[in-house]
Amino acid sequence: MKRVLAAVGILLLIIGISVYTLVDMQRSIDKISGDTAAVRTLAEREGAAAVRQSCEQLMEEWNGMEPRFLLYVRHDHLDNIMEHLSELPAYCQEDDRSGLFSTLDAALRMMEHLKESITPSFRTLL
């Protein structure tokens, strides 16, 4: 009987940790995706040079979240997003709107894909 209770306890612990990490990842990705979309909207209104500080803050925010993400997600997915976000300040400095918008859009799509890939569904479980 003790073994059954221990097994159930371990199973509940694993389920609890899994749910916590899933919710944490989804909230974090939603936040950084929203911030990325806000930077894009701001760049549309004010130009690429005006959003340099916002791009740097976005990169700092990503750097703060990335250590947690490394626990849950494959590194290659995160490296691609990091690469795109690290290019943003250079586009702002050069006032390259098209490069800034395409990089922001690519980062947003990668974040959406990352969120879909960590969300348990029939398609991702197979």
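Trainee: Leaving aside its neighbours within four places in sequence, which residues is Leu 100 in contact with?

Mentor: A contact list shows what packs around a side chain, and here it has to be read with the caution that this is a predicted model. Once the neighbours within four places in sequence are left aside, Leu 100 is in contact with Ala 43, Ala 48, Val 51, Cys 55, Leu 88, Tyr 91 and Cys 92.

Trainee: How many residues does the largest nonpolar core have, and which of them have the most contacts inside it?

Mentor: In soluble globular proteins, nonpolar side chains tend to be buried together. In this model the largest nonpolar core has 27 residues, and those with the most contacts inside it are Leu 85 and Leu 100. The elements giving two or more residues to this core are H1, H2, helix H3 (75-93) and helix H4 (97-118), and the largest share, seven residues, comes from H4.

Trainee: Is Met 59 buried or exposed, and what is it in contact with beyond its neighbours within four places in sequence?

Mentor: Relative accessible area is the value to read for burial, and a residue counts as buried when that value is under 20%. Met 59, which is found in helix H2 (residues 52-72), has a relative accessible area of 13% and is therefore buried. Beyond its neighbours within four places in sequence, Met 59 is in contact with Met 82, Leu 85 and Ser 86. The C-alpha atoms of Met 59 and Thr 36 are separated by 9.8 Å, while these two residues are 23 residues apart along the chain.

Trainee: Which residues make the nonpolar surface patch of about 880 Å²?

Mentor: That patch is made by Met 1, Val 4, Leu 5, Val 8, Leu 11, Leu 12, Ile 15, Val 19 and Val 23. One of these residues, Val 23, is found in helix H1 (residues 2-46), and it counts as partly exposed because its relative accessibility is 34%.

Methods: Residues are numbered from 1 along each chain as its sequence is written. This is a predicted model: local features need pLDDT of at least 70, side-chain atom pairs count only at pLDDT 80 or more; totals for chains, interfaces and linings use all residues. Side-chain values use heavy atoms; hydrogens and water are left out. Patches are made of residues with over 30% relative accessible area and no salt bridge: like charges are joined within 9 Å, nonpolar side chains (Val, Leu, Ile, Met, Phe, Trp, Tyr) within 5 Å. Accessible areas come from the Shrake-Rupley method with a 1.4 Å probe; for residues, only the protein chains shown count as cover. A salt bridge is a side-chain nitrogen of Lys or Arg within 4 Å of a carboxyl oxygen of Asp or Glu. Helices (H or I, at least four residues) and strands (E, at least two) are DSSP runs, numbered from the N terminus. Buried means under 20% relative accessible area, exposed over 50%, partly exposed in between (1.4 Å probe, protein chains only). Contact means heavy atoms within 4.5 Å. A nonpolar core is a set of buried Ala, Val, Leu, Ile, Met, Phe, Trp, Tyr and Cys residues joined through side-chain atoms within 4.5 Å.
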